[in-house]
Amino acid sequence: MSEEVDTSVDAAAAGARLLRADGFATVVPVVAGDGHYDSQGHLNNAAIGQLFNDMRIDYVRRTVGAWWVETMRATSLVVAVRESHILYESQGMPGESFVGAMRYLRIEGKAAVLEQRLVESSVGRPVAQAWVVQLLLRRGTVVDWPAEYFDRVGVIEGRIIERRKRSPRTFGPGT
């Protein structure tokens, strides 16, 4: 998703209704270009990962706001994905329109855990969903997320983002 992409979503479309009904406050159109489709004629799995990454960047720039981008630059902060787990549910086809959604699930230790979904817009058919663990780094060292960031995210999402102590877990999204 580039900065020129129209971020308005047809609220009446089944895909947007489905995602909002499932508790996602942030629902955006996702534009898949010609390069996102493979020789088999469907949305490529790696391209879906890129679309999810673009959604996360867009969430920060457009939704959290420029203050956070400036804070990151001024204080040498970098957001890094530690884990990304994608469940592919159906094929995205050329000519279809898509909407995506993102929400933070919790903060666990120094990690932010979030969920993303991609659905076909007109009927809401699930295409893919992802669980992502993000870390905040300063000069290569993991640091705590500032309270101001998740205060803003809580306002955006209409709820307090739960904080948990870091718990040992096996590889995977957990619950």
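Because the model is predicted, local features need pLDDT of at least 70 and side-chain atom pairs count only at pLDDT 80 or more, while totals for chains, interfaces and linings use all residues. Residues are numbered from 1 along each chain as its sequence is written, and side-chain values use heavy atoms, with hydrogens and water left out.

The protein contains four helices and seven strands. Helices (H or I, at least four residues) and strands (E, at least two) are DSSP runs, numbered from the N terminus. Read from that end, the elements follow the order α-β-α-α-β-β-β-β-β-α-β.

Of the 175 residues, 45% count as buried, a term that denotes under 20% relative accessible area, whereas exposed denotes over 50% and partly exposed lies in between (1.4 Å probe, protein chains only).

Helix α4 spans residues 147-157, and its buried residues are Y149, F150, V153, G154, I156 and E157. These residues lie on the same side of α4 because they cover an arc of only 160° around the axis, the arc being that of the directions from the helix axis to the C-beta atoms. The buried residues of α4 pack against β1 (26-30), α2 (45-64), α3 (66-74), β3 (98-108), β4 (111-120) and β7 (162-164). On the face turned away from the buried side, α4 carries the exposed residues E148, D151 and V155. After α4 comes G158, whose phi is positive, near 75°.

Conventions
Contact means heavy atoms within 4.5 Å.
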